[in-house]
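I opened the model to look up backbone angles and ring contacts. These are my notes.

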Amino acid sequence: MKFFLSGEIDASHPHDLIDKKFQTASAFVTEKLTPVLEATDYGSEVLELNIIPIIMKLPPSMENAGWFKERKLFQRKQKSTDFRLRIDYDAFCNGDDKLRVRLIFDNIIQSVRILKSRTSKHFQGAQLEKDITECFNQNIQSV
């Protein structure tokens, strides 16, 4: 399975260094998770897992206007996904590296659980979730 991780990151608070914090945590997750997922076949129904966490601290007016809405897209014909689920800005910003990595892994797991509910029984979503969880557990101490 092809794996892609990016992010929609709030740049309006440069003193928080949220972009650098995300870059560090996402590089770690990508480095550890990509080889695991690319080496495994989870069925032909889903060939790409694209995860783009949203880490934004929006004023209420923007929030109410629907800026940066979550997206839970499974494109059956393209066998691809586009998940954009939120990660709490303050938790990510104020946490240490281990917490930031955990928040990204949790975001990926949440996306996989949604994906499992939208695919057929031929997609091995339970195995995908297990592999992601094991990867996290094996690598969290090296953060």
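I looked up Lys 79 and found it in the loop between β5 and β6 (80-84). I took strands (E, at least two residues) and helices (H or I, at least four) as DSSP runs, numbered from the N terminus. This is a predicted model, where local features need pLDDT of at least 70, side-chain atom pairs count only at pLDDT 80 or more, and totals for chains, interfaces and linings use all residues. Residues are numbered from 1 along each chain as its sequence is written, and side-chain values use heavy atoms, with hydrogens and water left out.

I read the phi of Lys 79 as near 60 degrees, a positive value in a residue that is not glycine. Most residues other than glycine have a negative phi. Lys 79 counts as partly exposed because its relative accessibility is 30% (buried is under 20% relative accessible area, exposed over 50%, partly exposed in between, with a 1.4 Å probe and protein chains only).

I noted a positive phi of about 50 degrees at Phe 68 too, again not a glycine. Phe 68 sits in the loop between α2 (60-64) and β5 (71-75).

Next I looked up aromatic pairs and found 3. Rings of Phe, Tyr and Trp (its six-membered ring) pair if their centres lie within 6.5 Å; planes under 30 degrees apart are stacked, over 60 edge-to-face, the rest tilted. Phe 22 and Phe 92 form a tilted pair, 6.2 Å centre to centre with 45 degrees between the planes. Phe 22 lies in helix α1 (residues 18-38) and Phe 92 in helix α3 (residues 89-94), so this pair ties together parts 70 residues apart in sequence. Both Phe 22 and Phe 92 are buried.
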